[in-house]
Amino acid sequence: MIYITGDKHADFREVFYFCYANETTLDDILIVLGDVGINYYANDKDKALKNSLKEHYPITFFCIHGNHEERPENIKTYKTKKFHDGIVYYEEDYPNILFAKDGEVYNFNNHKVLVIGGAYSVDKYFRLARGYNWYESEQPDDKTKNKVRKVLKDLDNKVDIILSHTCPYKYLPKEMFLEGIDQSTVDNSTEYFLDEIEESTDYNLWYCGHYHTDKEIDKIIFMFHKIEEFK
């Protein structure tokens, strides 16, 4: 089975109970829509969580890159391999933890599934002022955006499902905006890019996280706490 959920921020208690209630195995996949928390430190401090996920969670994690973690391609311990027709990043010590590569198209349940990770951190300056981790690579760069455009063009701008961390600009859930943030200072370039993709692509469903809400708008499904079967 394939399941999907939202941001975990290193708190996998709900996933733990879900795995044992549903008697999952490593053949089952859980898609996590960014801000997983696994590469928050991008060093040995992440090992405790990774070891816990390997030893106590009978499921394979398929993670999208968020904005509160380093990209796996920037961490020297990660390698690449094929998984469900697309490239993923993995570490040999943690075989059940996989990270999707932006712009790749995966085959899940015979669906073509495009991944576009990353977002802007509205708490960027708060984190920097207090010495918390922030990564300059949090948003997709021009190379990644152009790869996405080319992949879609090669597919006649048709995919079944899109997975992203943030959402297209037109679907921003403004009721979830953090108080005290001057929205005029927020970099929405990734959301505008996703607007472009949403308008030019023939798709069936779009899953995203980032906003810590569970709701649906049109064909967009926001996920946070819920763990559901992947459609």
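This is a predicted model: local features need pLDDT of at least 70, side-chain atom pairs count only at pLDDT 80 or more; totals for chains, interfaces and linings use all residues.
Residues are numbered from 1 along each chain as its sequence is written, and side-chain values use heavy atoms, with hydrogens and water left out.

Phe62 belongs to strand S3 (residues 60–63); strands (E, at least two residues) and helices (H or I, at least four) are DSSP runs, numbered from the N terminus. Phe62 has a relative accessible area of 0% and is therefore buried. Leaving aside residues up to four places away in sequence, Phe62 touches several others, including Ile29, Ile31, Phe83, Leu98, Tyr106, Phe108 and Leu163, where contact means heavy atoms within 4.5 Å.

Helix H4 has 13 residues, and the 18 Å from its first C-alpha to its last is close to the 18 Å expected at 1.5 Å a residue, the expected span being 1.5 Å times one less than the number of residues. The buried residues of H4 are Thr144, Lys145, Val148, Val151 and Leu152. Seen down the helix axis, these buried residues fall within an arc of 125 degrees, so they line one face of H4; the arc is that of the directions from the helix axis to the C-beta atoms.

The face turned away from this buried side carries the exposed residues Asp142, Lys143, Lys150, Lys153 and Asp154. On the buried side, the residues of H4 pack against strand S7 (105–108), S8 and H5. Just after H4, Asp156 takes a positive phi of about 55 degrees.

The 12 residues of helix H5 (residues 189–200) should span 16 Å at 1.5 Å a residue, and the end C-alpha atoms are 17 Å apart, which agrees. The buried residues of H5 are Thr190, Glu191, Phe193, Leu194, Asp195, Ile197 and Glu198.

Terms used. Buried means under 20% relative accessible area, exposed over 50%, partly exposed in between (1.4 Å probe, protein chains only).
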